[in-house]
Amino acid sequence: MIQQAFLCLFMVLSTHGYNLDYEYAVVKKGSTDGELFGFSVLQHKENKNNWMLVGAPKGSNQFLRGQDQESGTVFKCNATSPTLECTQQVPFDEASSSGVESKKDQWLGVSLTSGGNDDAVMSCGHRYNYHGSSSKSYSLLIGQCYTVEDNLEFGSGAFSPCKEPLKPFLGGGSTKTPNYQNYGQCLSGLGTGIQKSDGDESDILIGALGALSLTGRIFKERSDNTNPKWGPTNNEAKFQDSYFGYAVAMGKFTVNQGEVAVGGPRHESHGKVLIYKNNAFKDISSEPAFDEKIIQVPSADYEDAEVQIASGFGIALTAIDIDHDGFDELIVGAPFYADKKKPNMGRVYVFGLKDNKFALKKSFYGGKEAYSSFGYSVANVGDLNLDGYDDLVVGAPHREDNKGVVFIYEGTNIGLAAEPQIIKAEEVVSTLASAGTLTLGGFGRSVAGGLDLDNNGYKDVLIGAYSTDHAVLLRSRPIISPHTTLQFDPPQIDPREENKNCDKGGPTKTVCFNVKLCHNITGQEFSKTTIKSVNMKFTLTADAGRPNDPRVFITDKSNVLEFIAPSYSNEIKCYEIKDMYLEFGPDGTIAEYPDVKFTVAYSIPYDEAAGSPKPVRTDVSVASLDAYPILHKKFKDGHAIDAGLEGTQLTFKRECTQCIPDLKVTSAQSVYSLRYRGTEFEFNITIENNGKDPAYAVDLAFDAPESMKVALVREVGSTKGRDCSNNTCLNIIPKLPSNSKKHFLISLNTEKYLPEHSNTAIIKVSSINDEQPATLADNEKKISFDIKVVADISLIGGKSTQSVAYTGKIKGEKAMEGFDDIGQEVEHKFAVRNRGPDLLPSAILTINWPALTLSGKHLLYLIDVTKSPRMVCEQIPVNTAEITSRARRDFVLPVGGKLIARVRRQADNTDNNSTTTPTPTTDGGDGGTGGINVVPVSKPREGITLSCPDKTAICQTIRCEITNLPSKISEQIVFRSRLWEPSLLLDYYGEVLTIVSNGKVELGQNISYITDPDPNNNYNDVYTIINPVLVKAKSKIAVWIIALAVVAGIILLALLVFGLFKLGFFKRNRKPEYYGQKKEQEKSLLKK
């Protein structure tokens, strides 16, 4: 008996998406540069003619005369011709302007629409100018639309909806009448539609965005120019400047009858869409009510609908039923939507019925690239791949440096596909023969679809590239679905020893079997294209479920076979692959469970050796895509998937049918002790099967903290280990017989494991053949880890070896110009040592530093702290008085009256740490450069100890943490300070001082797993002995010597005076004449 297994499609997808082709695009160019050829596009079929209709609103109209030729025009381009130039025009308007109108610059071709196959086509010029009389005393920029019959040969009508409300004015009214002000600048014709109705006639829909002070309005009338109507409008100020009528879409949004959606992209600067039911339109003679029956999109809050200011929300609209509930969703483009620093990125919104309300369902972007204008055009292009779901095309005409990109979203069973097919203008150009001279710009400004223009049964998409005057027809490739069956001979594999009779060149014989692969192709349902054959590339993979450890090989140690062969639509072809074989393990066994899975992947190898040829371009005709099919693509949850193979298992012949095991895992202990920062830890487990059937492909999983990894799993007694990625060992036991057990050694990498991590792990075992739920409890074993650390920490201190003395003048803090003014340098060192045996995770060092005397004066003034990298300290206050570090002078330090040294003091840059510290007083200084001289004593008094434990000094506390200190390693901290000499001269003049700093080291906080075997060596001090400077006292002078000196001085002064007297020093000598003259003067004065 032969077993057959049906193989579903396993596809290799094109990187460019699905079946819309860009390599063989049909490209057309306008007759004149700058005519905006491609501003609007439309597909049209009549009889056997397939047309690409392209609007060129700045083009020259061959049917008009004089200045009217500059009115704009519409071209019809043959979709089946390879010719680039498109010259034929459609006679929408053949009547040159009369004296009451002006068609120059009316922008005919700004929009294009039709009612479908073999129906009339309409194009508009929104800048059509109406004067009303030959005097041209006023200008009405009202716009006008024109229709042609389905054969595109004869014009069938002109529609200017604003002429009707302007009749009172045209009959002689003033330009100040409301009619003129409301409808004199209608600009009708940008948003249009043709709606099928009863009878032979259709309804023409024309948006007039300039009506009512740019509020905008939608008009409807019959295609025979009868029964003009208009939709409701709102007179509120916020509706002004809304531009309603810029875009129009028709669909069944909330009711089974047709509705009309009208876009107003400038409403309140955000944009809004109004949805009218058909019965909302009223005769122009009456004003319809703007009521709650009109659906506003968004309904109220722009923020809730994520509608952004100035995003152009409503510039483009289309209707498509994406969730297949019978009602259309409204697709709204907002091409100027911005995200952070990405202006004009663009966004597309999907609105529809949701909980009986018309609300936002989703929105999406086109890759979030700045200046893309994603959503400038949106179009329901019909079912491109014939899967029964309509597809959506979105244009981004300014992406890729204004070259343009289009996005094709496939319809799926749950909505639009999440990943679109993306076609870039640059890719289209690169495949054309004229790529060297052809460029495309604005590709995606206009989009149209819904028709099959190359008659292959698949609808095509027409894209406008207006900025370079091009239009591009992207055609759909036909789709095929491969079908395959596999037949195995024998239908089951029996791996027992007696069946090993196949020699494949190995040390022992093995088991072989044959496979027959049969295949054919089918096209899509309803497709007109019949593909009789295509060369397919098949990739057959054996044991696909075990890519790293296959049990089956096809040829030469490979479990993969590739070959190219023709596949036919009307015939099933079969190919036989002989002598596939089993690969047994070194012990002669093989995993009999699970069964062997086979997969087949397909691709169409175009232009490969023995592959199918690609189409050939010619100048005579457009290359046919009939023989250029693409493989069918499936979707799941909106995402394209490669469908897996179903029912393709080649089964082993086993000793059991249902094969229900009963696994159990045990370990010798439930709690294990780990060394902190140990690299590896090992323990044993036992896996046993207590069931009646074997357990196949037993897996071992280790659910442990993230920092703990399984390094190796090895069966006890074996030298071969298993590398278990992600803490999971797959197929650790290929087959565990009933009532048997195996022992394993598990090695864990614990180098990154820390005590704060979870200390529990769960060991789980399972097999590919499931066991009964009632026996699953013992498939898990919970174990715990207890970390222990033994580290003997000690603190090393001792006596400072410096010789330090104090002397000099008393100065205040402000008078200190350098560290040398303070006093001599004092240095204290502490060392923390881990005597082992384990690494120490954390230790806290506490230093009590004698910073101030009891009177609050500076004592040991810190200027610098150096420490090892493992030591992290709280902020340490150094040089709090901000004294400069420069040395001021050389000075002589006398001891016992002798000159013993000449010292040059220096200080390094200080540490930038600071913390709260006792504030010293500034007693005993004049604040200047002078000071009080201190007279040294002849000998020191009894010594005094200044320390924190004795409460003879005021200390500041310094804390540091040392982390991850290895065994037998020490870490050091050095405090450099200056002895504040003025404080000692004032408070301890003449005293010998011992200044002590105290240290303590202890285990880090919240670390209960560390043991310190000798806590007695955790304390130590560093001290420095300070001596006063000693000089000899001066001797006294006797009193009698002083008295004798005074007497001698008096006698000496008397002798000096006597001698000067004897010499006449004290007498005066005067001349006689002087006295005579003096007497004569006195006499003359008396007479008077």
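Guide: What follows is a walk through the pockets and then a cavity.

This is a predicted model, where local features need pLDDT of at least 70, side-chain atom pairs count only at pLDDT 80 or more, and totals for chains, interfaces and linings use all residues. Residues are numbered from 1 along each chain as its sequence is written, and side-chain values use heavy atoms, with hydrogens and water left out.

Rolling a probe the size of a water molecule over the atoms shows where empty space is left. The search runs on a 1 Å grid over the protein atoms alone. A cavity is a set of points where a 1.4 Å probe fits but cannot get out. A pocket is an open set with protein on both sides within 12 Å along at least five of seven lines. Lining residues have an atom within 4 Å of a point. Volume is the space filled by probe spheres set on the points, which are joined across faces, edges and corners.

Start with the largest pocket. Its volume is about 1300 Å³. Its lining has 42 residues, and Leu112, Thr113, Thr192, Val248 and Leu317 lie nearest the centre. Several strands (DSSP E runs of at least two residues, numbered from the N terminus) each supply at least two lining residues, among them β3 (40-46), β7 (108-114) and β13 (188-196). Others include β17 (247-251), β22 (316-320), β26 (377-382) and β32 (443-451). By class, the lining holds 22 nonpolar, 18 polar and two charged residues. Here Ala, Val, Leu, Ile, Met, Phe, Trp, Tyr, Cys and Pro count as nonpolar, Asp, Glu, Lys and Arg as charged, and the others, Gly among them, as polar.

Now the second largest pocket. Its volume is about 1100 Å³. Of its 36 lining residues, Gly585, Pro586, Asp587, Thr589 and Pro734 lie nearest the centre. β51 (709-715), β52 (721-722), β53 (728-736) and β54 (740-749) each give two or more residues to this lining. The largest share, six residues, comes from β53. The lining has 13 nonpolar, six polar and 17 charged residues. This pocket lies between domain 2 (479-652) and domain 3 (663-786), because both give residues to its lining. The domain bounds come from an automatic or database assignment.

Last, the cavities. There are three of 30 Å³ or more. The second largest cavity holds about 40 Å³ of space. Its lining includes Arg217, Pro232, Phe239, Tyr276 and Phe290. β15 (217-222) and β19 (272-277) each give two or more residues to that lining. The lining has eight nonpolar, three polar and one charged residues.

How values were computed: Helix = DSSP H or I, 4+ residues; strand = E, 2+ residues; numbered from the N terminus.
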